[in-house]
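Please examine the sequence and the structure shown here before reading on.

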Amino acid sequence: MKLAHLALLAALFSAGAAAQDKPARKDMVLNGDAKCTRCHNEGDDYPVLAIGKTKHGTMADARTPTCTSCHGESDSHINKPASATERPRPDRSFGKHSKTPLEERSAACLTCHQGGNRIQWQMSAHSNRDVACSSCHQIHAAHDKVRDKLTQPDTCFTCHKEQRAQINRPWHHPVPEGKMSCSSCHNVHGGNPKQLVRDSVTETCFTCHMEKRGPFVHNHPPVQEDCAICHQPHGTTIPSLLKARPPFLCQECHSHTSHPSQAGALPGGRTISNSLLGSVGRGCLTCHTNIHGSNSTQNSATAGRFRR
Amino acid sequence: MSSKHILKLTALSAALAGAWGPALAQEEPSVAELSKPESVVSLGIGYWSDDRPRLGIYDGMPDKGAYGLLDALIIKRDDATGTWFTLDARYLGLDSREFRAEWLRQGDIGVSIEYNRIPYASPFTVMTATQGLGTSMQRVPTPSAPVLGEWQAGTVRDGWSAGFFKNLGGGTDFRVSLKNEHKEGGRLWGRGGAAEFAAEPIDSDTRQLEAVVSHAGKTFQIQGGYYGSSYTNRNSLVDTANINAAGTTLTNPFYLSLPLDNQAHQLYVNGAYNFTDRTRGTFKVAYTRATQDEDIPVGNGVPVFSGAPTHLDGRLDTTLAQLGVNSRATSNLSWLASLRYYNSDEKTPQQRVVQPAAGCGTCVDTTPLGFKTLTGRLEGTYRLTAGTSLIGGLEYSDQDRKVPFGNLNATGVDNQRYVPWRVELEELTYYVQGRRSLSETLNGSIRYGHSKRDGPDFTLTNEAQSDMINPIHIADRDRDKFRLMLDWSPLQALTLTFNAEYAKDEYGHSDTRPYGLRDGSATLYSIDAAYSISDNWQMTAWYSRDSAKATQLGQRAVNNGAAEAVKEANLEDIGDTFGAGLKGTIAPRLKGGIDLLYSKNVNKYPEAITLTGAGGVFPTVAGVTGAPLPDIENKMTRLKLYASYALQKHSEVRFDYWHELWQTNDWTWMFASGTPFTYGTTTDGTQVIQQPKQSANFFGVRYIYRMQ
């Protein structure tokens, strides 16, 4: 007899016996989970037993929650009222079709997780734009996709479609390759502008690009102000993640006479004329090569133009 | 709860245990399999059929050939003590290898160590005779036709991190992390003094140390910490010079400065207090001091102004103070308000650096900058019904922008000011958003926002034409943003999501200041679909189209035969991206799937040049002139097929086949004729080359073993 048939027979037999003896059900993973796991297990669309594989399933940690810590006592769900045509939902549910208010869903998590980087959660754009913890996190899954830098972007791109398109452009940070993730730069639980990990765009970029921090003998003002004036960090079609190509990028601020005002053009051949080199190759940066700042004290005006 | 599984494990286990006694109760461990941490080790080999200079820039597999595929996720937990050991090792057979090991007694104490290597292989091939590329002494041959050799730009970041965690009890814990990253390699650069090729030598270290004490109570949470970072560059100056055919250095050394060592120290406190169960206040204060005071290197024989600093004494102080309150005033109304003060104030002394001759038309001083921004925000959310809510918000920011004026000419204008400046900038933003559940299966939201930015008169520059522009980041600007989202589940198995976004910027201008960006717009449409074909097969698909446009006006001065002109560039960037995936169970032991990603981007650079004087459309120098910029099209297709066959309960073998195709007509490194761009006229003739088409196939096989 196959195991399934055997089990079915056993289950039926057992059910009959249970009606007489009503033996106490045993918890399977969490303290007190028996009243839930009698119905819910890995057969659900959202397997519940895998929570035992996570930090939430570590019973030696006294802080480990029970099912009802998050879902509420849910008495009417467990004991369906005779008058109800459908089994009422748990006090708090977290799925896509949940009726539980988003604030209440997050509140269940914040009972334990309000500290650290989540102190400012209630002030964050996510919190105030209908995003709950469970919108991104899979609490019962052994592998919470959003906490793995290789798979995290898939979760973020559920809403951030523009960034999904940009990250697939030729010049990008190594996010598709799994070497960085959205949370390398963004504290998605925080209250900073653009939900960055540091207090400003520049401070965030300097965590990896510290050589741009200076201060320099010759500062280029936008570098200290905001890297995103010139760069699109999510991806572009232009080398160095530039928002526009030289000379157009530079001419968004610079309107100087002589060669800085040149039109976009490709030279017909080899030349050393700066009037013909604003677009090709590194464009303006061919000569103004230290564009993020220069430390030259050479007694030449060109030193102040990031050429030395 | 799904009804697809009639037999629940619980019932099965209980039945086996209760009805058939201990003999079959041994099936119970299957619960452990489902609820105890699992480890996975994967070992295999892969082969790329061709080089991938464009698509392999970061993944450690840029070249044709075989690669080892070794990954491991080892997770062990001692249930009695709650002690975890985790080893997550990825790409061990590749140049992008990384691992993280952690020992953690949950809720008590933990340590971790991490290594992460990020290679970057430039997609360009440099053909050059320049010597010493990527070092601090580079020599550029002057012969016009020397033998060119291949040089590859690129960097490698090797990062090591260590962390320690300790729960101090009572909701208080302490964390400290230390990271050191070494970066080495070379990147495309220029000699600065002329349009000649050089490569920046990169050999530096960054270090970050953060120590944080956090306390989280029911009503009060606080976090205080120190964050320090430092940068060390092993090169500070690059000596470049021409050499003749005999290899003799000519008397025109040219020195290029490099970033110097710098460091920053930050102290911060971040906290919140629940005044009531409905009202919460938050605050954050941080103070950072960044300094750079290294010896400023000077090349041999380089003229230096007698008063120029030998140390910059560079210092940047940053102060942040932030307050916020959010409250759920009633069951249907919530609001938040915040005030943020952020002051980035450079305290570097203003010093004369360049003073070439009597008079100071070309003098250069240091320019310590400062940006002090005060931002206030007020936002309310009102829930009209259970599925309908309205959000309205207002944000105001005021920025003081400091720049020194020391090098003034007779009319009081700063000689070294090339770009108009504004000492203050204001921006007011308001937005409204509605969200509604239109039915059980259809939800939607719509949002509109408008912002207006302006400021006082611009500070004048050192020449009239430069005063005719509105710099993009400080120009007057009206911005409108619109967003629509629909989430529809017409079937239990089908979900569709639609997105439409539109943003438009109008930049201020006047008769006397007509140039710069006039307007810009961005549009995005996307649709996502997820469909469960059956319990065993799922598919997803998405498509998005995005476009950005900008109109930019400028004046071209008479230059090398080109006439004075007014330019109007209508720049355009259009992207189409499509993704699709199908995965499922082919046979009881065989699973498989397919993923497709297609991306196409078109960039357009039309520029109308209206001549307003005598001369040509483009400059002409020594018989070389310019030509309009063609459109650029980039196309990428990546197809991934995979299948895994279960050998035994805990082991499987996985096969991968990927196909990549990359095509471009990018002219970045081309002359107008399409031939490779070549540097200079009298030097070695360095060329930078990009392959316009790349195609490669990957074959991989892995043995995967799972264990508990």
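E6(B) and E11(B) run parallel to each other and pair over five bridges. Strands, like helices, are DSSP runs numbered from the N terminus, with at least two residues (E) for a strand and at least four (H or I) for a helix; two strands pair if DSSP finds at least two bridges between them. The model is predicted: local features need pLDDT of at least 70, side-chain atom pairs count only at pLDDT 80 or more, and totals for chains, interfaces and linings use all residues. Residues are numbered from 1 along each chain as its sequence is written, while chains are lettered from A and ligands numbered from 1 in the order in which they are written.

The two strands belong to an open sheet of three strands in chain B, ordered E6-E11-E12, with mixed pairing. Strand E6 (137–141) and strand E12 (254–257) of chain B are the edge strands, and each pairs on one side only. Direction ignored, neighbouring strands of this sheet are turned by 25° against each other on average; the axes behind this angle are lines fitted to C-alpha atoms, for helices over the stretch in contact, and angles run from 0 to 180 degrees between N-to-C directions.

## Strand E11 and its partners

Strand E11 (residues 237–243) of chain B pairs with E12(B) in the antiparallel sense, over four bridges. Within this pairing, B:Val238 lies opposite B:Leu256, and B:Thr240 lies opposite B:Phe254.

Which residues form the covered face of E11(B), and which the uncovered one? The covered face consists of B:Val238, B:Thr240 and B:Asn242. The uncovered face holds B:Leu237, B:Asp239, B:Ala241 and B:Ile243.

E2(A) pairs with strand E32 (residues 624–627) of chain B over two bridges, in the antiparallel sense. A:Leu266 stands opposite B:Ala627, and A:Pro267 has B:Gly626 as its bridge partner. Strands of a sheet pair through backbone hydrogen bonds, either parallel or antiparallel.

## The contact between the chains

The contact takes 119 residues from chain A and 161 residues from chain B, where two residues are in contact if their C-beta atoms, placed from the backbone, lie within 7 Å. On the side of chain A that touches chain B, helix H1 (3–21), helix H8 (161–167), strand E1 (218–219), helix H10 (221–225) and E2 each supply at least two residues. H1(A) gives the most, with eight residues.

By residue class, this side of chain A divides into 43 nonpolar, 52 polar and 24 charged residues. Here Ala, Val, Leu, Ile, Met, Phe, Trp, Tyr, Cys and Pro count as nonpolar, Asp, Glu, Lys and Arg as charged, and the others, Gly among them, as polar.

## Domains of chain A

Chain A is divided into domain 1 (102–197) and domain 2 (211–255 + 278–308), with bounds that come from an automatic or database domain assignment. Taken over C-alpha atoms, the centres of domain 1 and domain 2 of chain A are separated by 32 Å. Each of these two domains of chain A gives nine residues to the contact between them. On the side of domain 1 that touches domain 2 in chain A, the residues divide into three nonpolar, five polar and one charged.

## Chain B as a whole

Chain B has three helices and 36 strands. Its C-alpha trace spans about 105 × 65 × 50 Å along the principal axes. Of the 708 residues in chain B, 31% are buried; a residue is buried if 20 or more other C-beta atoms lie within 10 Å of its own, exposed if 12 or fewer, and partly exposed in between, with C-beta atoms placed from the backbone.

In chain B, residues 24 or more positions apart account for 61% of the contacts with a separation of 6 or more.

## Confidence

The model scores ipTM 0.93 and pTM 0.92. Chain A averages a pLDDT of 89, and 92% of its residues score at least 70; pLDDT is the predictor's confidence in each residue, from 0 to 100. Over residues 1–19 of chain A the pLDDT is below 50, and this stretch has 23 contacts in the model beyond near neighbours in sequence.

The mean pLDDT of chain B is 92, with 95% of its residues at 70 or more. Residues 1–29 of chain B have a pLDDT below 50, and this stretch has 49 contacts in the model beyond near neighbours in sequence.
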